[in-house]
Amino acid sequence: MLVAGFPADAFGTNCYVVATAPGEQCVVVDPGIGVLDRLDALLAEHRLHPAAVLLTHGHLDHTFSVAPVCGARGVTAYVHPADRELLADPAKGLSADLAGLFGGRLPYTEPEDVAELTDGATLDLAGLEITVDHAPGHTGGSVLFRLPGADSRWEADEICLSGDVLFAGSIGRTDLPGGSLPTMLASLRSKVLPLADDTVVLPGHGPATTIGRERASNPYLVEVAGDGVRPAAPARGL
């Protein structure tokens, strides 16, 4: 299996492509701000053909390029229904300060073809079987995407594209509209902690990690496991 990606210039949002092999169809995950040229180069390098775009949640730094990526290839964008409105009006997911930062300077277009994700569903796309876990807290519609990873370069049983639910050493912020720290902690407890230690985590920002590493050292996972003191509120991500 081929998994490749790069951070966007804006907010360092990781954009990934996943395929069974070079020269095949692929899924694109979280095409953010200013990624089109680098994404096209990555697709050309591996001779990949996008079959769908998957969105871990609806924040603008993860969705900004979804319409041109989908529109140029006639493919569907997938998002959880709780974040569906953010594809039509991204400002609903921003604080007043962030809305002012973006105000009018970044033209955004809603994708034409949008499908909604369901908790526990398995997507059969580009020859891949991708499990969807609804994990709200960062936003109401945040999800994890899990797929078998034994044939990847990590040789792990499973890969988890975690969006802004889980980072190396931290979690996504919960102070934006639709965010909730208690809900996030519940998602960590029910959706993240049960994953196997060797699961490779590919987050929405920052470097890859593993569930075992985070279980042992991430203060938020330590807390929800009942072994630590609540850390300060997270502030990473959009």
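**View 1. The surface and overall build of the protein chain.** The protein chain exposes about 9,500 Å², of which carbon and sulfur atoms supply 50%; accessible areas come from the Shrake-Rupley method with a 1.4 Å probe, and for residues only the protein chains shown count as cover. This is a predicted model, in which local features need pLDDT of at least 70 and side-chain atom pairs count only at pLDDT 80 or more, while totals for chains, interfaces and linings use all residues. Residues are numbered from 1 along each chain as its sequence is written, and side-chain values use heavy atoms, with hydrogens and water left out. Of the 238 residues in the protein chain, 55% are buried (under 20% relative accessible area; exposed means over 50%, and partly exposed lies in between, with a 1.4 Å probe and protein chains only).

View 2. Helix α1 spans residues 36–46, and its buried residues are Leu39, Leu42, Leu43 and His46 (helices are DSSP runs of H or I with at least four residues, strands are runs of E with at least two, and both are numbered from the N terminus). These residues lie on the same side of α1 because they cover an arc of only 95 degrees around the axis, taken from the directions from the helix axis to the C-beta atoms. The face turned away from the buried side carries the exposed residues Asp37, Ala44 and Glu45.

**View 3. The surroundings of Leu123.** Leu123 belongs to strand β7 (residues 122–125) and is buried, with a relative accessible area of 14%. Beyond residues up to four places away in sequence, Leu123 touches several residues, including Leu54, Tyr78 and Ile130 (contact means heavy atoms within 4.5 Å).
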